[in-house]
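Dear colleague,

I am handing over the structure we spoke about, and below it I have set down what was found. Please read the notes with the model open beside them.

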Amino acid sequence: MGANLMGANLRPSIVNQRRTAAGFTLIELLIGGVLTAIALGSVAVLSVHQIRIADRVYALTTINRNFRRISDLLKVEVGEACLLRGGANPRTTATLPDTPCKPQDPSVCAPAAASTDLRLLIPIQTSGSNTITYSIVRFYRSGNELLRDGPQVDANGLLTATAATGSRVLSNVSTFTPTVSADCTWVSLDLGLSVPGSADVVTRTLTLYSGAAESIN
């Protein structure tokens with residue numbers, strides 16, 4: 001009887017060993033494959049999500065850098081101007097007591113309305129003399145680029161006598177709408193930049209003052 005009990009106890013062990021030696025069943029393999037596919041799919045989705053987040057952060061960083069770049073440029077150039085206009089060139093000559101920078105006739109600046117370009121009247125003292133000449137700098141959008149017409153800037157940051165037309169200032173520009181004040185001394189500029197790789201546009205307003213510092217709203 002003891003021998004029979006011992007044989008009965010050995011049979012399950014032998015069966016288990018045979019099952020282990022035979023490997024996984026088909027159902028177990030299918031379940032394992034499904035779980036592996038789900039895990040790999042989750043990893044792939046997470047990776048794509050992280051890549052998109054990284055791309056978005058990079059794009060917004062680029063946008064902020066471009067806003068700062070154009071803000072700094074306009075701060076300097078508008079700050080050097082004595083008069084601003086939109087859609088028409090300021091006068092470069094006048095008869096006293098009128099001066100190009102301070103016209104007595106307010107109609108020179110009217111009407112104050114949004115336009116598609118910004119024009120700056122910049123007085124420049126001729127080297128070696130007290131003679132003042134006036135240069136006009138124009139900023140405008142063409143397609144998705146912001147362009148500049150006017151005297152070039154030398155290595156010292158000073159305007160030269162050599163003028164250039166259509167110099168590219170910035171790309172991915174979707175909106176450039178300046179509204180010059182009635183007295184031609186300041187401008188409210190709506191500037192929109194397209195986010196690279198998407199249809200999104202980031203818009204900001206720059207308030208620029210001629211002969212003064214610039215503030216950002």
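Which residues make the nonpolar surface patch of about 510 Å²? The patch is made by Ile27, Ile31, Val34, Leu35 and Ile38, where patch residues have over 30% relative accessible area and no salt bridge, and nonpolar side chains (Val, Leu, Ile, Met, Phe, Trp, Tyr) are joined within 5 Å. A salt bridge here is a side-chain nitrogen of Lys or Arg within 4 Å of a carboxyl oxygen of Asp or Glu, and accessible areas come from the Shrake-Rupley method with a 1.4 Å probe. Of these residues, Ile38 lies in helix α2 (residues 26-80).

Please keep in mind that this is a predicted model, in which local features need pLDDT of at least 70 and side-chain atom pairs count only at pLDDT 80 or more, while totals for chains, interfaces and linings use all residues. Residues are numbered from 1 along each chain as its sequence is written, and side-chain values use heavy atoms, leaving out hydrogens and water.

Helices (H or I, at least four residues) and strands (E, at least two) are DSSP runs numbered from the N terminus, and two strands pair if DSSP finds at least two bridges between them. Five strands form an open antiparallel sheet in the order β1-β2-β3-β4-β5, with β1 (83-85) and β5 (159-170) as its edge strands, each pairing on one side only. Within the sheet, β3 (residues 132-142) and β4 (residues 145-153) pair over five bridges, and Arg141 stands opposite Leu146 in β4.

With kind regards

Terms used
Patches are made of residues with over 30% relative accessible area and no salt bridge: like charges are joined within 9 Å, nonpolar side chains (Val, Leu, Ile, Met, Phe, Trp, Tyr) within 5 Å.
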